[in-house]
Amino acid sequence: EAELITKFHKQQQIGVHQCSSSLTKRIKAPTDIVWSLVRSFDKPQKYKPFVSECSSRVDFKVGTVREVNVRSGLPATTSTERLELLDDEQRIFGVRITGGDHRLRNYSSTITVHPETIEGRPGTLVIESFIVDVPDGNTTEETYYFVQYLINCNHKCLAEVSEKIALHTNNSGFAI
Ligand code: A8S
């Protein structure tokens, strides 16, 4: 795990008013299922519980920008996000937030998806790293806490959705 983080999530130089960290999640579903959800830049609402709508072209590629609407209850309504990295071979997905009505300036994240045997079955290790400015009026600790809470919610739902799909899919990969 530490090795994968060093290899795929090299920390950029972080500034004084920035914070950065990485979070991991183990999912009891095959890597193909998890990766197909993670890579769907046009439909983050498939697994992100705070996203209500997303306007992105279906034929997205690196450089494509999406506008995401956030559910009420959070200090945010919209987010403008650019696809920075999409590598289907190594399963690397990178997004940068370029604007929107929220407090996370210069937010950037990288997600990698790795096969791993869990309880003797094909499972998946997800690693997500982020870097963001600490907003004026907040401490670094508050910023970590807020972002980690959101990412952990995303990971929990990603696991639930993936595991549900895995249950309804037989070994040949066809839905039954
Ligand atoms: C992601 C990760 C994050 C998303 C955050 C941290 C966000 O969509 C939400 C609330 C905010 O205040 C900021 O990969 C923002 O989704 C749920 C609108 C960016």
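View 1: A polar side-chain atom of Lys-48 sits 2.8 Å from an oxygen atom of the ligand, a polar contact being a pair of N or O atoms within 3.5 Å. On its own the ligand has 450 Å² of accessible area, and the protein covers 95% of that (areas come from the Shrake-Rupley method with a 1.4 Å probe). A quick word on the model: it is predicted, so local features need pLDDT of at least 70 and side-chain atom pairs count only at pLDDT 80 or more, while totals for chains, interfaces and linings use all residues. Residues are numbered from 1 along each chain as its sequence is written, and side-chain values use heavy atoms, with hydrogens and water left out.

**View 2: The shell around the ligand.** Here are the 13 residues that surround the ligand, with Lys-48, Ala-76, Ile-97, Phe-146 and Asn-154 the closest (near means a heavy atom within 4 Å). H3 supplies the largest share of this shell, three residues. Sorted by class, the shell has nine nonpolar, three polar and one charged residues (Ala, Val, Leu, Ile, Met, Phe, Trp, Tyr, Cys and Pro are nonpolar; Asp, Glu, Lys and Arg are charged; the others, Gly among them, are polar).

**View 3: The largest pocket.** This is where the ligand sits, with more than half of its atoms within 2 Å of the pocket's grid points. The pocket holds about 670 Å³ of space, the volume being what probe spheres set on the points fill. On a 1 Å grid over the protein atoms alone, a pocket is an open set of points where a 1.4 Å probe fits, with protein on both sides within 12 Å along at least five of seven lines; lining residues have an atom within 4 Å of a point. There are 35 lining residues, and Glu-81, Ile-97, Leu-104, Tyr-107 and Leu-150 lie nearest the centre. Helix H3 (140-167) is among the elements giving two or more residues, and it gives the most, seven (helices are DSSP runs of H or I, at least four residues; strands are runs of E, at least two).

**View 4: Arg-91 in its loop.** Arg-91 lies between S4 and S5, and its phi is positive, about 55°, although it isn't a glycine.

Note on methods: A polar contact is a pair of N or O atoms within 3.5 Å; within protein, one must be able to donate a hydrogen and the other to accept it, and residues adjacent in sequence count only if both atoms are side-chain atoms.
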